[in-house]
Amino acid sequence: MADLSRLLPHLEPTPNGSTASPLLIFAVTGMGGIGKTALALEAAYQACSQGWFPGGTLFVDLRGYDDNPVTADQAVLALLDALHVRGTDLPNTSVRQYDTYRTLLTERRERMLLILDNASDPSQFLPLLPGTDHHRVIITSRDRPDSLSVRLVDLETLDPAESVALVTRALHDADDRDDRPAREPDALRELTTLCCHLPLALQISAAMLRRRRRRGIASLVADIHKAGNPTLALDRSDLGTDQYGRSLALTPVLETSYRRLPPDQARLLRLLSLAPSADTSTQAAAALTDLAEDEVLQLLERLAATHLVTEIWGEDGGSASATRWRLHDLVRAFGAGVATGDAGLWVEGEAARERMLGFYLPLSLLHI
């Protein structure tokens with residue numbers, strides 16, 4: 001909440017007649033899994049609920065730490081589509097597309113919030129910045145965007161007491177009779193240490209505990225110890241990250257969670273990790289898995305309960321056709337590693353890709 005209070009007040013419109021220069025761009029930075037996207041989306045939700053952005057929010061996942069990051073040229077097409085510029089109205093060169101994009105934002109009097117999520121390089125977001133001080137921009141990245149004058153919100157891991165409180169609250173919200181945190185305080189503290197006090201790892205661990213109400217916290221600690229080397233997590237000053245800034249301490253937690261999934265949910269997670277983008281519609285997930293839409297929807301909802309998949313938006317009461325499902329890039333990298341690390345699973349993944357190609361091809365032809 002402290003980080004939210006640092007960001008949210010600056011999104012409020014400046015009073016008429018104010019001589020203060022408005023802050024236009026904000027960067028939320030920190031290691032993978034620390035909650036950058038969650039903070040940006042929560043700030044957007046609260047700001048929009050206050051009526052500060054009547055024009056709404058534009059969101060683009062730049063996938064900066066994937067093998068194939070989204071380029072600015074690709075992102076501007078998605079933004080123009082969100083602004084209802086598509087088909088024959090879409091300019092046929094990138095220069096004209098950027099001109100149209102900036103003109104639309106300059107002429108739009110309803111204030112908008114632009115979230116450029118998961119950027120790894122300035123070239124991904126610099127061309128997308130509005131050419132006006134009327135709107136606001138939030139950039140999330142594992143690296144500090146030193147090329148810009150921005151207000152920086154640099155996220156750190158939770159302190160031990162906050163980590164304990166997060167897991168305790170998650171368990172009590174599901175069942176206020178759950179007394180495991182009180183009965184096993186030492187095991188709970190060890191669990192939060194193994195999670196490196198990372199919100200994503202803590203949420204996944206809490207989800208595992210909720211699903212196994214009759215098993216103690218110590219049993220989950222033992223499973224995580226078996227799944228990986230916990231020594232990476234013992235020193236908060238050296239959390240252990242790979243060359244992409246991804247927390248190595250999250251791997252044992254993901255491995256433990258994955259092993260506990262029923263086979264149909266584990267298969268869905270693997271195949272979603274191979275999808276061409278981090279978020280997937282219910283219909284595309286059905287094609288990917290070769291399952292009926294209502295069947296895959298039930299599996300997606302069960303995965304969402306484990307915090308391995310997130311429902312990112314929905315319309316029409318959350319109907320299957322209007323809901324999209326997002327994998328955190330760390331979860332996606334883990335699932336893809338599982339899917340490609342076994343010959344049999346690799347064959348399964350190739351067949352799933354072919355089905356998804358068959359699903360998207362007719363849709364792409366409609367836009368030609």
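Reader: At what angle do helix H6 and H9 pack, and how far apart are their axes?

Author: Helices (H or I, at least four residues) and strands (E, at least two) are DSSP runs, numbered from the N terminus, and axes are lines fitted to C-alpha atoms, for helices over the stretch in contact, with angles from 0 to 180 degrees between N-to-C directions. In this predicted model, local features need pLDDT of at least 70 and side-chain atom pairs count only at pLDDT 80 or more, while totals for chains, interfaces and linings use all residues. Residues are numbered from 1 along each chain as its sequence is written, and side-chain values use heavy atoms, with hydrogens and water left out. Here helix H6 (residues 160-174) packs against H9 at an angle of about 35°, with the axes 9 Å apart.

Reader: Is the crossing of H6 and H9 left-handed or right-handed, and which residues meet?

Author: A crossing is left-handed if the near helix is turned anticlockwise from the far one by less than a right angle, and right-handed if clockwise; H6 passes H9 in a right-handed crossing. With contact taken as heavy atoms within 4.5 Å, Ser163, Leu166, Val167, Ala170, Leu171 and Ala174 of H6 meet Leu202, Gln203, Ala206, Leu209 and Arg210 of H9. Sorted by class, the residues of this contact are eight nonpolar, two polar and one charged, where Ala, Val, Leu, Ile, Met, Phe, Trp, Tyr, Cys and Pro count as nonpolar, Asp, Glu, Lys and Arg as charged, and the others, Gly among them, as polar.

Reader: How do H11 and H15 pack, and which residues meet there?

Author: The angle between H11 and H15 is about 60°, with their axes 11 Å apart, and H11 passes H15 in a right-handed crossing. Leu250, Leu254, Glu255 and Tyr258 of H11 meet Leu330, Val331, Phe334 and Val338 of H15, which by class gives seven nonpolar, no polar and one charged residues.

Reader: How many aromatic pairs does a search of the whole structure find?

Author: Rings of Phe, Tyr and Trp (its six-membered ring) pair if their centres lie within 6.5 Å; planes under 30 degrees apart count as stacked, over 60 as edge-to-face and the rest as tilted. The search of the whole structure finds one pair: the rings of Tyr258 and Phe334 have centres 5.9 Å apart and planes at 75°, so the pair is edge-to-face. Because Tyr258 lies in helix H11 (residues 250-259) and Phe334 in helix H15 (residues 329-340), the pair ties together parts that are 76 residues apart in sequence.

Reader: Are Tyr258 and Phe334 buried or exposed?

Author: Buried means under 20% relative accessible area, exposed over 50%, and partly exposed in between (1.4 Å probe, protein chains only); both Tyr258 and Phe334 are buried. Ile138, in strand E4 (residues 136-141), is likewise buried, with a relative accessible area of 0%. Not counting residues up to four places away in sequence, Ile138 touches several residues, including Leu7, Phe26 and Ile115.

Reader: What should I make of phi at His197 and at His307?

Author: Most residues other than glycine have a negative phi. Phi of His197 is near 60°, a positive value, and phi of His307 is near 65°, also positive.
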